[in-house]
Amino acid sequence: MILTFSILLILSSLLLIVLVLMHKGRGGGLSDMFGGGVSSSLGGSSVAERNLDRITVGTAVIWAISVVALGLLFKWS
Amino acid sequence: MLSAFVNAFKTPDLRKKILFVLFILVLFRMGSVLPAPGVDVENVRFCLNAATTGENANSVFSLLNVFSGGALLQLTVFALGIMPYITASIILQLLTVVIPRLEALKKEGQSGQTKITQYTRYLTLGLAVLQGAGIVAMARSGALFGNQCARDLLVDTDSVSLFLLIVLVMVAGTAIIMWFGELITDRGVGNGMSLLIFTQIIATFPGTMWLIKEQKGWGTFAIVTGVGLAVVAAVIFIEQAQRRIPVQYARRMVGRKMFGGSSTYIPLKVNQAGVIPVIFASSLMYLPALAAQFNQGEGWSTWVTENFVQGDHPLYMVTFFLLIVFFTYFYVSITFNPKEVADNMKKYGGFIPGIRAGRPTEQYLGYVLSRITFPGSLYLGLVALIPLLAFMLIDANQNFPFGGTTLLIMVGVGLDTVKQIESQLQQRNYEGFLK
């Protein structure tokens, strides 16, 4: 049981990292982090970006579930 | 003030954005208390209690811990917080001065900036791997709480695969945090990353205040609150202060349309650099302490531990202050380029009354900027020293909640977010928060 969830967690973690990196970065880093210029959001997101969002959310949910499940399993074992 | 809140929630567009931000922040906080798998929660909690309430609280990680909202020492999923992103941004910001290719990218404008952001994201994950491995390794050997706590922090301290699993989970957590920040910037109000830092700082706030009350009693608690409020007022006063340099635009015809003819101003803030110099300086001050931690017992490391780890040493304060003043000038020179502003003004037919366009304007702007930055840098340095001085005076906890850095970030982010909400409100002709 622990092994299954560990493998699931490893896979979803790696997938999650790749997916987040595939997103187009928003915001200009540190310069507009603290009292910088007002960043204007230009238009909506594209279809590809929206699908990417959906996949990322799905992976994140799987990731969170396996984290919680593993935590509980370690506690009981 | 209250009616502005009602208005903000009456506008469907804005209401959606605010609720979205709140939703993300709730998810973020939940991740910050969810322990990583394989961490022995009870032992960690025991050690944490011993470390924070004990006399010699570990101060090396205090800044890191503040930025992660207490998540770091609890070894949660989001233990690394936004610190890797901040460090990566600082590194890239410094590298733009050194590496010509990055400088060229920065001058390219929007597309170049996107590329730099992408580099920052890659570097963030790289740093997350390093920091995560470091922290989990320390937890494994028991050095996370300064060898004061004998209990095992992990379920199995010998297993290499468990070690790798925890590091991987923390790195994935950092990736999620990064994504959260971008989502907020993209679809919510305010800047995502700074709002996340804000949340983490606020989260530890009540706990630290209560700790002061528990340790010192109501008297000190009242003094601390009073001093804190006074400092907040002072910070807002300087934060909002700006010099307005008048600019007159010549009226001109393009085709059949009339352009320009208006008079505006260039706002030069007293504290143009914001809170970034303080973050730069504290990250730098943290390095020698970290190096000493790894090389205990040698001559130079005992010297460092004696002079640079304790915030109440005069040498530490002077170095900290000078670093902040230096970085304020450095950062202002990076972000505000008088030549660029002067050229832009000339292109659109603008001029400062009494000063010729072109080079004289550039010199004038540089002159005003360097003089206005001087009090700004002194103010930043003094505010950052407040917690150290207060620590000495009332002998309060090391994690003094009104620490200069945290205070500046709180006020800065708060003002910025309110301003953005207000500008959205004004698009629909409602009265804003700030009168």
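Predicted model: local features only at pLDDT ≥ 70, side-chain atom pairs only at ≥ 80, totals over all residues.

Reader: Where does Val97(B) sit?

Author: Val97(B) is in helix H5 of chain B, which covers residues 83-98.

Reader: And is Val97(B) buried, partly exposed or exposed?

Author: Partly exposed, because its relative accessibility is 47%.

Reader: Which stretches of chain B does UniProt list as "transmembrane region"?

Author: The unreviewed UniProt entry lists several, among them 71-98, 193-212 and 314-336.

Reader: What does the model show over 193-212 of chain B?

Author: That stretch is 100% helix and 0% strand, with its end C-alpha atoms 29 Å apart. Residues 314-336 of chain B come out at 96% helix and 0% strand, and there the end C-alpha atoms are 33 Å apart.

Reader: How many helices and strands in chain B overall?

Author: 16 helices and 5 strands. Chain B has 435 residues, and 50% of them count as buried.

Reader: Is Leu75(B) buried or exposed?

Author: Buried, since its relative accessible area is 2%.

Reader: Now aromatics. How many aromatic pairs are there over all chains?

Author: The count is 7. One of them is Phe326(B) with Phe330(B), a stacked pair with 6.1 Å centre to centre and 25 degrees between the planes.

Reader: Where are Phe326(B) and Phe330(B) in the fold?

Author: Both are in helix H13 of chain B (residues 314-335), 4 residues apart, about one turn of the helix. Phe326(B) is partly exposed at 48% relative accessibility, whereas Phe330(B) is buried at 18%.

Reader: Which residues make up an aromatic cluster?

Author: Phe28(B), Phe78(B) and Phe180(B) form one.

Reader: OK, salt bridges. How many over all chains?

Author: There are 3. In one of these, Arg187(B) pairs with Asp53(A), with the closest N and O atoms 2.4 Å apart. Arg187(B) is in helix H8 (residues 160-187) of chain B and Asp53(A) is in helix H2 (residues 47-76) of chain A, so this pair joins two chains.

Reader: What does Arg121(B) form a salt bridge with?

Author: Glu182(B), and the closest N and O atoms are 2.5 Å apart. This one links distant parts of the chain: Arg121(B) is in helix H7 (residues 110-141) of chain B and Glu182(B) is in helix H8 of chain B, 61 residues apart. Both Arg121(B) and Glu182(B) are buried.

Reader: And Asp343(B) with Lys339(B), what's the N to O distance?

Author: 3.9 Å. Asp343(B) and Lys339(B) are about one helical turn apart, because they are 4 residues apart in helix H14 (residues 338-347) of chain B. Asp343(B) is partly exposed at 37% relative accessible area, and Lys339(B) is partly exposed at 44%.

Note on methods: Residues numbered from 1 in each chain as written. Chains lettered and ligands numbered in written order. Heavy atoms only, no water. Buried < 20%, exposed > 50% of the residue type's maximum accessible area, 1.4 Å probe, protein only. UniProt positions renumbered as here; feature names shortened; annotations may be inferred. Phe/Tyr/Trp six-rings, centres within 6.5 Å; stacked < 30°, edge-to-face > 60°. Salt bridge = Lys/Arg side-chain N within 4 Å of Asp/Glu carboxyl O.
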